[in-house]
Amino acid sequence: MDIYSLSGRFLRLLEAERAHSLTIRALSLGLGPHYAPPARPALRQQLFGLDFPNPIGLAAGFDKNAQVPDAMLRTGFGFVETGTVTPRAQPGNPRPRIFRLPEDDAVINRLGFNNRGLAFYKARLLKRRNRPGIVGANIGANKDSDNRIADYFTAFEALNGCADYFTVNVSSPNTPGLRGLQEPEMLRELLHGLSTIRARLPHKPPILLKIAPDLDRDGRQEVAHVARDSAIDGLIVSNTTIGGRKSLKSPHRGEQGGLSGKPLFTLSTEVLSDMYRLTEGELPLIGVGGVGSGNDAYRKIRAGASLVQLYTAMTYEGPALIPAILDTLAALLERDGFANIAEAVGADHNR
Ligand SMILES: Cc1cc2nc3c(=O)[nH]c(=O)nc-3n(C[C@H](O)[C@H](O)[C@H](O)COP(=O)(O)O)c2cc1C
C-alpha cells in the first residue's frame, strides 16, 4: 500500500470538510503525487485556442480559492478549474454541509460558495501565471449581492489575464435564486454583458457556461438558443442535482443540497447529449457528473463532450484514478478505431 492510499484511508475517517481542508493543506505543501504522464497524441486536443494534453479535468469546487492548481495538474489532470469565487469573501452555509454517501458513491453538498473572495484568489492565480498547465476560473455571485449579474462582470474583469478560461456558474443549487439566471432574459443579459466586456479587455479568454442537470426540455432549449446567440465558447454540463434521491441507499440521502457522483451520471449524460443535439455539435461541451472510470469518460465523449471533468469519484478513489482513466480512455479509442478524441466526440449521435 502506498502513502496515498494510506492517507486516503485516514482522511475518510474524518468529517468530510475537515478531510478536504487537510488535503488542500498537504497539497499546498507539495505533498501530492507527481505523475509524469506518457505522451499520448490520441488524447491531445486543441480547443478554444488552448492545447489540452488530455481531456480529463478537475471540476470546480475542489480548489475554491485557487490554492493548489499546480499540485492537481501534477496528478495527471489535463486541466484544472478553480473556484467558484465570488467578488467578496463569504462563509457559506452552516456546517455540516458536505455529506459522504459511500453506499451510493455519491456526495451531497450545500456549501453555498464559501470562499475567500476575489483578492485572495487573484493573488494565488497571479503567482502561478507563467507556469504551464491549463487553469480555469469559475466565477459566481455573492449570496447577499443586490446585483448578481454585476458580480459576474466584476469577477470576470478583475481576473482578466489570470486564467486560461472562465466558467460562468449559474447552476449551483446552494445559493437561493442563483439558478434563475438560467432564464433566457437574465442569461442573455449576463452572457452578452460578458462578451461586451471581453471585447474591450486586453486578454480575450474563452467563456463557458455551467448549467444545472435539472433544466427541463424548454429550459435546455432556451439555454442552447441563448448560448448560440451570444458569443460564448462552450457549455459545462452539469452541476449537481437537487433531485435523484429516490435511488439512494445512504442514511444521508435526505440531506438538502446538490447530489454528485455516480447517481448523477445518467441524468447529466442525458442533458449533455441533449445539449449536443440542440447546439448541433457546434458548441464545445464539457461533460461532468458521475465520471468514475475511463469507460464513463468515454461515454460522455461519445454523447458529445469534447472534454470531461470529475470531482466526487476522486474523493473516493484517490489521485491514482486519473492515470487509470487516461489508460482506459486511450485503449477504448484504439479499440473503436478513433485516431483521437475529436473523432469520437458525439459518435453516439451518428449511429
Ligand atoms: C463538495 C463539492 C463542492 C462543489 N463546489 C462547486 C463550485 O464551487 N462550483 C461549481 O461550479 N461546481 C461545484 N461543484 C460541482 C462539481 O464541479 C461537479 O459539477 C459535480 O460535482 C458533478 O461532478 P462529479 O459527479 O464528478 O462530482 C461541487 C461539487 C462538490 C461535490
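User: Hi! How does H9 pass H11, left-handed or right-handed?
Analyst: Hello! H9 passes H11 in a right-handed crossing. Keep in mind that this is a predicted model.

User: Which residues in H9 and H11 meet?
Analyst: From H9 there are Gly-294, Asn-295, Ala-297 and Tyr-298. In H11 they meet Ala-324, Ile-325, Asp-327, Thr-328, Leu-329 and Leu-332. By class, the contact of H9 with H11 has 6 nonpolar, 3 polar and 1 charged residues.

User: Nice. Let's move on to H6 and H7. At what angle do they pack?
Analyst: Helix H6 (residues 184-200) packs with H7 at an angle of about 25°, and their axes are 10 Å apart. Angles under 35 degrees count as roughly parallel, and H6 and H7 are therefore roughly parallel to each other. Their crossing is right-handed.

User: And which residues in H6 meet H7?
Analyst: Pro-184, Leu-187, Arg-188 and Leu-191 in H6 do, and their partners in H7 are Glu-222, Val-223 and Val-226. The contact of H6 with H7 divides into 5 nonpolar and 2 charged residues, with no polar ones.

User: What about H7 and H8, at roughly what angle do their axes cross?
Analyst: Roughly 45°, with the axes of helix H7 (residues 217-229) and helix H8 (residues 265-278) coming within 10 Å. That makes H7 oblique to H8. The crossing of H7 and H8 is right-handed.

User: Who meets whom between H7 and H8, and which residues are they?
Analyst: Arg-220, Gln-221 and Ala-224 sit on the H7 side, and H8 brings Val-271, Asp-274, Met-275 and Leu-278. The residues of this contact of H7 with H8 divide into 4 nonpolar, 1 polar and 2 charged.

User: Can we zoom in on E3 and E4? Over how many bridges do they pair?
Analyst: Strand E3 (residues 56-58) and strand E4 (residues 79-85) pair over 2 bridges, in the parallel sense. For Gly-57, the bridge partner in E4 is Phe-79.

User: Over how many bridges do E5 and E6 pair?
Analyst: E5 and E6 pair over 4 bridges in the antiparallel sense. Phe-99 has Ile-108 in E6 as its bridge partner.

User: Last topic, the ligand. Which residues come nearest?
Analyst: Of the 26 residues around the ligand, the nearest are Ala-59, Gly-61, Ser-260, Tyr-311 and Thr-312. The elements that give two or more residues to the shell are strand E6 (106-109), strand E11 (258-261) and helix H10 (312-317).

User: How many residues of that shell are polar?
Analyst: The shell around the ligand has 13 polar residues, along with 11 nonpolar and 2 charged.

Key: Residues are numbered from 1 along each chain as its sequence is written. This is a predicted model: local features need pLDDT of at least 70, side-chain atom pairs count only at pLDDT 80 or more; totals for chains, interfaces and linings use all residues. Axes are lines fitted to C-alpha atoms, for helices over the stretch in contact, and angles run from 0 to 180 degrees between N-to-C directions. Angles under 35 degrees count as roughly parallel, over 145 as roughly antiparallel, 65 to 115 as roughly perpendicular and the rest as oblique. A crossing is left-handed if the near helix is turned anticlockwise from the far one by less than a right angle, and right-handed if clockwise. Two residues are in contact if their C-beta atoms, placed from the backbone, lie within 7 Å. Ala, Val, Leu, Ile, Met, Phe, Trp, Tyr, Cys and Pro count as nonpolar, Asp, Glu, Lys and Arg as charged, and the others, Gly among them, as polar. A residue is near a molecule or strand if its C-beta atom, placed from the backbone, lies within 6 Å of it. Two strands pair if DSSP finds at least two bridges between them.
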